[in-house]
Amino acid sequence: MKKVFYTSIGILVLTSLLIYCKVTAGQPAESITIVGSTALQPLVEEASEQYCSTHKNTFINVQGGGTGTGLSQIQEGAVDIGDSDLFVEDKKGIDARQLIDHKVAVVGITPVVNKDVGVDNISMRDLAKVFTGEITNWRQLGGKNVPVVLINRAAGSGTRSTFEQVVLKNKQPKQAQEQDSSGMVRQIVAATPGAISYMAFSYVNHTVKVLKINGVQPNDENVETNQWPLWSYEHMYTQKHPNQLTKAFINYMLSDHVQQKLVKQLGYIPMSQMKVQKNAAGKITPR
């Protein structure tokens, strides 16, 4: 098995490209390309590796680039699967009628801060004020006398869109540095005094600190009931008539092995555990 890493391919800005392969000489190979959400990328990479380890002459190229890239590329037919943190209906310029939605997991999203800011809990209202620039020092929230340093996700990020819909209610955020990669966001927040950003639960580690919102802990159980409202589906979009390998891989992503093992291991929430559901307009109803 072989992994090849790239920083960019053509005109796309990508976080990585991984090629998984198990080749038998003299036999034809099949391949698909998957592009999009970096929040979903770790799950797709691991599932691709396991799938290809038991399917000879199969190549699956997994690329990042963000939700906007995934949706635009699948609409154009340039890739086989477009990964997205958003419903396609939420993305301007994309025709939802051309695509099929396969929801493969749920991901919680949490604000993360540098471990030395001195704050553990924040109200939703104050969190919005931090990102609109009305609160500029952690002292204003009972923390240390340290300026707030905002780290935003790049335009086109599904994680950013979800965060702004839920927290900012689509108010304009303060201009700040932007990062494509969730991993880079984590690295910068960990190393920068006063820094704050947001990321999928699956990217959180010991180097950064999560914030409770209105006293609610960011965890799977609270996402499942919508007590923690910062969450999104992880979508894998295909065109209406995908090829056989694409169909087979989507079915594998929805299999019990992936849903009950890999999804949980990698910090996502299986669809079957959700007690609520959300539509493209953001309306929450019992499941």
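## Basis of the report

Because the model is predicted, local features need pLDDT of at least 70 and side-chain atom pairs count only at pLDDT 80 or more, while totals for chains, interfaces and linings use all residues. Residues are numbered from 1 along each chain as its sequence is written, and side-chain values use heavy atoms, with hydrogens and water left out.

## Nonpolar cores

A nonpolar core is a set of buried Ala, Val, Leu, Ile, Met, Phe, Trp, Tyr and Cys residues joined through side-chain atoms within 4.5 Å. Buried means under 20% relative accessible area, exposed over 50%, and partly exposed in between (1.4 Å probe, protein chains only). The largest such core has 45 residues, and Val130, Phe131, Trp138 and Ile196 have the most contacts inside it. Two or more residues each come from helix 2 (67-75), strand 7 (99-113), helix 3 (124-132), helix 4 (158-168), strand 11 (195-200) and strand 14 (231-239). Helices (H or I, at least four residues) and strands (E, at least two) are DSSP runs, numbered from the N terminus. Helix 3 provides the largest share of this core, 5 residues.

Contact means heavy atoms within 4.5 Å. Not counting residues up to four places away in sequence, Val130 touches Ile122, Ile135, Leu141, Val148, Leu150 and Ile196. A second, separate core of 35 residues includes Leu43, Cys52, Ile151 and Ile250.

## Helix 4

Among the buried residues are Arg160, Phe163, Glu164 and Val167.

Ser157 caps the N-terminal end of helix 4, with a side-chain oxygen 3.2 Å from the backbone nitrogen of Thr159. This is a polar contact (a pair of N or O atoms within 3.5 Å; within protein, one must be able to donate a hydrogen and the other to accept it, and residues adjacent in sequence count only if both atoms are side-chain atoms). After helix 4 comes Lys169, whose phi is positive, near 55 degrees.

Ser37 is placed in the loop between strand 4 (30-36) and helix 1 (41-53). Ser37 is buried, with a relative accessible area of 1%, and its side chain reaches the backbone nitrogen of Ala39 at 3.1 Å.

On a 1 Å grid over the protein atoms alone, a cavity is a set of points where a 1.4 Å probe fits but cannot get out, and a pocket is an open set with protein on both sides within 12 Å along at least five of seven lines; lining residues have an atom within 4 Å of a point. The structure holds 1 cavity of 30 Å³ or more. Grid points are joined across faces, edges and corners, and a volume is the space filled by probe spheres set on the points. The lining of the largest cavity includes Ser37, Ala39, Ser157 and Thr159.

The largest pocket has a volume of about 290 Å³. Its lining has 19 residues, of which Gln165, Val166, Trp231, Lys278 and Gly282 lie nearest the centre. Strand 14 gives the most to this lining, with 4 residues.

Ser232 lies in strand 14 and is buried, with a relative accessible area of 4%. Leaving aside neighbours within four places in sequence, Ser232 is in contact with residues including Asp85, Thr162 and Lys278.
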